[in-house]
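Welcome to my notebook. I opened this structure for a slow look around, and here is what I looked up, entry by entry.

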Amino acid sequence: MVTAEPRLSAAEVAEAAAAFSRSYGTWTWPQVLRALRSVLPEVADDVAPRLFDLAPHEPRHPAAVVVEALVPWTHNAPVARPAIELDAPVSSGLVPADLPDLFDVEQLAHWLDFTVSELEWFADRGGWLRTARPRLRHYRIWTRVKRDGVRMIEAPKPRLRETQRRLLRRLVEKIPAHPAARGFVTGSSAAGFAWPHSDRDVVLRVDLRHCFETITTRRVHAVFREIGYPSHIARVLAELCTTATPVDELVGLDRDHASLLRVRHLPQGAPTSPHLANLVMQTLDRRLDGYARNNRLRYTRYGDDLAISGDGMDSDRALWTIMRVVEDEGFTVHPDKVRIMHRHQQQRLAGLVVNDRPQVSRGDYDNLRALLHNAIRHGASAENRDGHPDFRAHVYGLIAWVGATGQQRRQRLLRMAAEVDWES
């Protein structure tokens, strides 16, 4: 039962309202009650029903509604209600109900537990971090050598990484990708990508070159705009998820790769990048899936790997179509990674052989067995030739990959791994 006995000062009410608006997450009973209990544990259970009476749906200014809801528990002194500007941007009403209705930069900053100035800093609104000293930058950068160049890994530092994870959980991953996208989607796997192409006469695989680097801030901005966010909010969201590589990190790279990295792009290593790439590539997926269905073929995509297959497929026509669509969508086909694989050949997708059903090749399985056998005999460190910081986790990851398509193989490898002295 609500009591009108004064308990809180005006300053305490204002402070609690501000803290609540930064922490409630989404406007649902469990999350609102949890946030109230964190800032007002003594009266939260009584305040919550009144709060939902005042605002059954997520309000434009949550802190102001909390102040109003706390009137029965407030001293007679006037409460300093949060200022509400009459000309503040209003909700467009176009954002789907399961996504946060963001329409004001200050509101967005509070939603991410930032001040407005912190939000601008982490979004790098002025592009000043391209020439900033390393300790001021938001990303740690290193390269991995590939057969055809280097892979630039840009991993966000802890504060930005946590912000991007929050964006991913609360917003980005709630936007569905095209069904043909089988990578970076909950419940999908390399096997899910490969299964539709098993036991087919012809399998065509195409790899995209510098896929993440090709996806610019403008294209990410378009994703958020299409969902219904106003342009100024979509721009900040896109800037939080993209970066331009500092100039000193581009030394030694080939000119084409460096030119892509100079422009703000999706960084490899950011939590939001994989699913945002899927969303940017929805039109590409829709066009290629439509072509496949119209020609009784099958199409799937796993990250930057595209596959199309069919019995009696005209592979030259299919390849020409894919290349035209890929180019039209602003991506580039890697010429050295195009494969047309017929039934009499070994057909491989994402490291899996798909001639009969998706499974790791016998050679890869034998190599992993040999590694474990030698690790049992000579110790794990002797087999860690590439210097993995957590070699045990690396090996168990390989076992999981092999075992995903072969339970007997998985059990056999796990038994061998249990005999390894991982400390030696």
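Predicted model: local features only at pLDDT ≥ 70, side-chain atom pairs only at ≥ 80, totals over all residues.

**Entry 1: a term before I start.** I count two strands as paired if DSSP finds at least two bridges between them. With that settled, I looked up strand β4 (residues 298-302) and found 5 bridges joining it to β5, the two running antiparallel.

**Entry 2: β4 and β5 up close.** I checked who faces whom, and R301 stands opposite L306 in β5. The two strands form a hairpin with 2 residues between them, and there G303 takes a positive phi near 65 degrees.

**Entry 3: the other partner.** Next I followed β5 to β3, and these two pair in the antiparallel sense over 6 bridges. Here V203 stands opposite S309 in β5. As a reminder to myself, strands of a sheet pair through backbone hydrogen bonds, either parallel or antiparallel.

**Entry 4: is β5 buried or exposed?** I went through strand β5 (residues 305-310) and found 6 of the 6 residues buried, so the strand is largely enclosed by the rest of the structure. For this I take buried to mean under 20% relative accessible area. In a regular strand the side chains alternate between the two faces of the sheet. I looked for that here: D305, A307 and S309 point one way from β5, while L306, I308 and G310 point the other way, and all are buried.

**Entry 5: stepping back.** I then took in the whole chain, which has 19 helices and 9 strands. Its C-alpha atoms fill a box of roughly 85 × 55 × 45 Å, taken along the principal axes. Of its 424 residues, 48% count as buried. The accessible surface comes to about 21600 Å², and 50% of that belongs to carbon and sulfur atoms. I also looked at contacts with a separation of 6 or more: residues 24 or more positions apart account for 66% of them.

**Entry 6: the largest pocket.** About 1100 Å³ of space lies in the largest pocket. Which of its 36 lining residues are the closest to its centre? I noted K146, R151, D207, D304 and K337. The elements that give two or more residues to the lining are β1 (139-146), β2 (149-156), β3 (202-207), α9 (211-214) and α13 (273-280). Of these, β2 gives the most, with 5 residues. Sorted by kind, the lining divides into 12 nonpolar, 9 polar and 15 charged residues. I was pleased to meet β3 again here, having seen it paired with β5.

**Entry 7: helix α10.** I moved on to helix α10 (residues 217-227), where T217, R219, V220, H221, V223, F224 and I227 are buried. What covers them? The cover includes α9, α11 (231-240) and α13. Two of these names, α9 and α13, are also in my pocket entry. Just after α10, G228 takes a positive phi of about 125 degrees.

**Entry 8: a sheet of three strands.** Last, I looked up the open sheet formed by 3 strands in the order β7-β8-β9, with antiparallel pairing. Its edge strands are β7 (348-349) and β9 (359-360), and each pairs on one side only. I followed β7 to strand β8 (residues 352-353) and found 2 bridges, again in the antiparallel sense. One detail to keep: the bridge partner of R348 in β8 is V353.

Definitions and conventions: Residues numbered from 1 in each chain as written. Heavy atoms only, no water. 1 Å grid on protein atoms, 1.4 Å probe; cavity = no way out; pocket = protein on both sides within 12 Å on 5 of 7 lines; lining within 4 Å. Points joined across faces, edges and corners; volume = space filled by probe spheres on them. Helix = DSSP H or I, 4+ residues; strand = E, 2+ residues; numbered from the N terminus. Nonpolar A, V, L, I, M, F, W, Y, C, P; charged D, E, K, R; others polar. Buried < 20%, exposed > 50% of the residue type's maximum accessible area, 1.4 Å probe, protein only. Contact = heavy atoms within 4.5 Å. Areas by Shrake-Rupley, 256 points an atom, 1.4 Å probe, with all protein chains shown as cover.
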